Amino acid sequence: MRFWKMNGAGNDFVVLNNLEEHLPAECLPQAARTLCQRHLSVGADGLMVVDAPTQGGDYKMLFFNSDGSVGEMCGNGARCICRYGYELGLAGETQTVETTAGIVTGRRITQRLYRVRLNDPTTVKLDAPVEVDGIRHPCSYVELGNPGLPHAVVPYPNLRDADESQLRELGRKLRWHPAFPKGANVNFYEILGDDLLYERTFERGVEDFTYACGTGTGSVVAVLTLLGRVTGRNVRVDMKGGTLTIDVEHAGSQVTGLYLTGPTNVVCKGEVTDEDLNLF
């Protein structure tokens with residue numbers, strides 16, 4: 001079974017081409033759990049599988065978190081899969097990718113830099129505070145696409161210097177908070193300057209912080225644009241794994257376009273020989 005290992009700003013993925021491998025759909029969650037396990041296998045935040053399109057796109061992207069759960073969409077993953085699709089000749093420099101949350105379009109800018117239009121927000125609650133351990137935390141809530149990918153957007157002062165264990169515990173409690181019936185990816189942010197942010201995301205399905213989260217970054221900038229805290233144009237977001245850029249188009253309180261630009265990295269290409277991988 002051939003694979004690529006890719007990352008987008010440190011958000012890393014195992015990529016399989018099911019147009020060639022023909023793996024049954026019911027095997028994919030187990031493949032994700034095994035292949036994404038760090039130290040014991042390839043290791044990644046998630047598994048991405050390219051499959052045949054069913055809605056007129058160039059191809060379909062199936063995304064699985066490292067725990068085997070289905071992810072509606074992944075922004076950094078979409079940028080990586082666009083490069084994968086381009087380099088394998090599945091699509092041209094402009095691509096239409098089918099995801100569980102809806103159609104995502106992508107564009108090649110340079111060999112490594114890709115821009116995708118994220119799924120439009122279908123739910124936006126700018127003022128949705130939540131209480132944890134008796135403390136009321138300001139929060140906004142966004143769902144991208146349909147079915148919606150859930151994101152909590154939470155300001156956190158001095159985020160760069162935050163105590164990692166305390167931040168992780170708060171992220172875990174917010175991720176499972178009953179205010180979010182689907183659970184939520186929790187995006188902590190700090191405004192550093194004009195159109196400059198720092199962000200940490202506790203990701204649902206990974207159950208820990210990742211080096212970057214593209215849909216989370218888009219959700220944060222969409223919220224701050226609607227609140228008038230950033231311009232929505234070429235907003236830079238620094239994360240542990242690198243820098244992403246977000247552009248927001250909106251008409252009043254309605255986001256009409258959400259764009260994510262950032263780097264991709266093909267780390268390695270090879271053959272899976274994991275003897276613990278039992279798919280059949």
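A pocket, as I use the word here, is an open set of grid points with protein on both sides within 12 Å along at least five of seven lines. I note at the outset that the model is predicted.

**Pocket.** I looked up the largest pocket and found about 180 Å³ of space in it. I counted 13 lining residues, and Asp45, Asp208, Phe209, Thr210 and Tyr211 lie nearest the centre. Helix 4, residues 164-175, and strand 16, residues 208-210, each supply at least two. By residue class I get 8 charged, 3 nonpolar and 2 polar for the pocket lining.

The volume of the largest cavity is about 120 Å³. It has 16 lining residues, with Asn65, Met73, Leu149, Asn185 and Glu203 closest to the centre. Strand 4 (59-65), strand 13 (149-155) and helix 5 each give two or more residues to the lining. I sorted the cavity lining into 8 polar, 5 nonpolar and 3 charged residues.

**Leu224.** I stayed with helix 5, which spans residues 214-226 and holds Leu224. Is Leu224 buried or exposed? I list Leu224 as buried because its relative accessible area is 0%, and the cut-off for buried is under 20%. Setting aside neighbours within four places in sequence, I find Leu224 in contact with Tyr189, Ile191, Leu197, Arg229 and Val230. I also checked Ser140: it is 84 residues from Leu224 in sequence, and the C-alpha to C-alpha distance is 9.6 Å.

Key: Residues are numbered from 1 along each chain as its sequence is written. This is a predicted model: local features need pLDDT of at least 70, side-chain atom pairs count only at pLDDT 80 or more; totals for chains, interfaces and linings use all residues. Side-chain values use heavy atoms; hydrogens and water are left out. On a 1 Å grid over the protein atoms alone, a cavity is a set of points where a 1.4 Å probe fits but cannot get out, and a pocket is an open set with protein on both sides within 12 Å along at least five of seven lines; lining residues have an atom within 4 Å of a point. Grid points are joined across faces, edges and corners, and a volume is the space filled by probe spheres set on the points. Helices (H or I, at least four residues) and strands (E, at least two) are DSSP runs, numbered from the N terminus. Ala, Val, Leu, Ile, Met, Phe, Trp, Tyr, Cys and Pro count as nonpolar, Asp, Glu, Lys and Arg as charged, and the others, Gly among them, as polar. Buried means under 20% relative accessible area, exposed over 50%, partly exposed in between (1.4 Å probe, protein chains only). Contact means heavy atoms within 4.5 Å.
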